[in-house]
Amino acid sequence: MPAVRHEHPYLLHDAILQQPAVIEQALAANREKISRAVDAAAGRSRFIFAGVGTSYHGALTAERWMRQQSAGQADARAEEAFELMHSPLALGRGDVVVVLTHTGGTKDSLEVLREARAAGAMTLAVTGEVGASGFPETDFHFVTGEGEATFAYTKSYTSAMALVALLVIGFCESRVGSANAAGADASMLTAAGVARMPGLLRKALGAEADIRAAARAMATRTGFAFLGAGLGWFTAMEAALKVKETSYLPAQGYQTEEILHGPFSGLDQSSAVIAFLTGEPSDDRARDVLRAAKEIGAYRMAVALPHGNRNLDCDQIIEAPDGPSWMSPFLHLIPAQLLAYHLAVAREINPDTGRQDQETHARATRVFKAVSPR
């Protein structure tokens, strides 16, 4: 385990910067196995992606990718693993169940795998490096790389999603034809696009100075609202989770229209509002939210793909590298992670620990881990 650090750069900063290289390594190590998994899934009709926490955000992204990739023809769904175990779904030989778990030790995610396998479903797991305790038997197990050294997971998430993107492409190609035939459709995933991802993420890291400045400007704010539509919604949820994990602040991720149906009433001059824009028509509503937030004195920040960076009225704009909208979960996420990191640094909080260095939280963690590991 790396030594604890007490100032910037913390271990989380290392992990954020390592993501392009980790994705490259994960793709190289798993590409042939992904091809075999896609072939083995032929004839299966339903695809279920499951996880908890950050992994659930990955499951939601995977479901949306499959809907977009197949023009709605693929039967895909995202399930929160705890809910799936307590509100069962009938599984069978027509199913492919893909479980995402960073540690490889999340109790309910492992139970989903066991139940799915017992029911005759094809099972796939995408995990970080698994410890000596081993891992349940699955049809395919993809390992993204070494485990995270910090409480907030970053590199294990983006590397897992790069592998999931290739799985989605393969699953859909065998059912509705080649994704490459879609031409200029920005919603369609391509293997070439996945291969480009590490280079684009290296460019995204270049916005760190501007993100650090925005974090310092937000450091005294006491409530954070992240918003986005489609794939941006799931990034908003993940960004809010990272702020909670690193700065222990109230933060929530909202669907763009949802924030105007009640949650906006909870915002005021002590709030920060951060919008993720993809260049799609739903961005117009995000622009409305940012303008409205100005009226209540909230700090406003936009993270936008270049084709979404227009007519924005906010305090800070972070332009992500240029890429199609399906890449937004990667291109938006680097700024979101850096924002959470530098917000914690500005507030003089160690972003690595998740409060496990505080005895009360350490005791609380021992209580729930004795029953259900993270």
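Student: Let's start with strand 4: how many of its residues are buried?

Tutor: Quick ground rules: this is a predicted model, where local features need pLDDT of at least 70, side-chain atom pairs count only at pLDDT 80 or more, and totals for chains, interfaces and linings use all residues. Residues are numbered from 1 along each chain as its sequence is written, and side-chain values use heavy atoms, with hydrogens and water left out. Strands (E, at least two residues) and helices (H or I, at least four) are DSSP runs numbered from the N terminus, while buried means under 20% relative accessible area, exposed over 50%, and partly exposed in between, with a 1.4 Å probe and protein chains only. Strand 4 covers residues 122-127, and the number buried is six of six.

Student: Which residues of strand 4 are buried on each side?

Tutor: Both faces of strand 4 are covered. Thr-123, Ala-125 and Thr-127 are buried on one side, and on the other it's Met-122, Leu-124 and Val-126.

Student: What is the bridge partner of Leu-100 in strand 4?

Tutor: Strand 3 (residues 95-101) pairs with strand 4 in the parallel sense over six bridges; two strands count as paired if DSSP finds at least two bridges between them. In strand 4, the partner of Leu-100 is Val-126.

Student: And which residue of strand 5 stands opposite Leu-124?

Tutor: Strand 5 (residues 140-143) also pairs with strand 4, in the parallel sense over four bridges. Opposite Leu-124 stands Phe-140.

Student: Zooming out, what is the radius of gyration of the protein?

Tutor: The protein has twelve helices and ten strands. The radius is taken over C-alpha atoms, and the globule rule is 2.2 Å times the number of residues to the power 0.38. For 374 residues that rule gives 21 Å, and the protein comes close to it, so it's as compact as a globular protein of that length: its radius of gyration is 20 Å.

Student: Which residues of helix 7 are buried, and on how wide an arc?

Tutor: In helix 7 (residues 208-218), the buried ones are Glu-208, Ile-211, Ala-214, Ala-215 and Met-218. They sit on the same side of helix 7, because the arc they cover around the axis, taken from the directions from the helix axis to the C-beta atoms, is only 120 degrees.

Student: Which residues does Val-243 touch, leaving out those up to four places away in sequence?

Tutor: Val-243 belongs to helix 8 (residues 231-247) and is buried, with a relative accessible area of 1%. Contact means heavy atoms within 4.5 Å. By that rule, Val-243 touches Phe-226, Tyr-248, Leu-249, Ala-251, Ala-340 and Leu-343.

Student: Where is Glu-348, and is it buried or exposed?

Tutor: Glu-348 also has a positive phi, of about 60 degrees, although it is not a glycine. The place of Glu-348 is the loop between helix 11 (333-346) and helix 12 (359-369). With a relative accessible area of 74%, Glu-348 is exposed.
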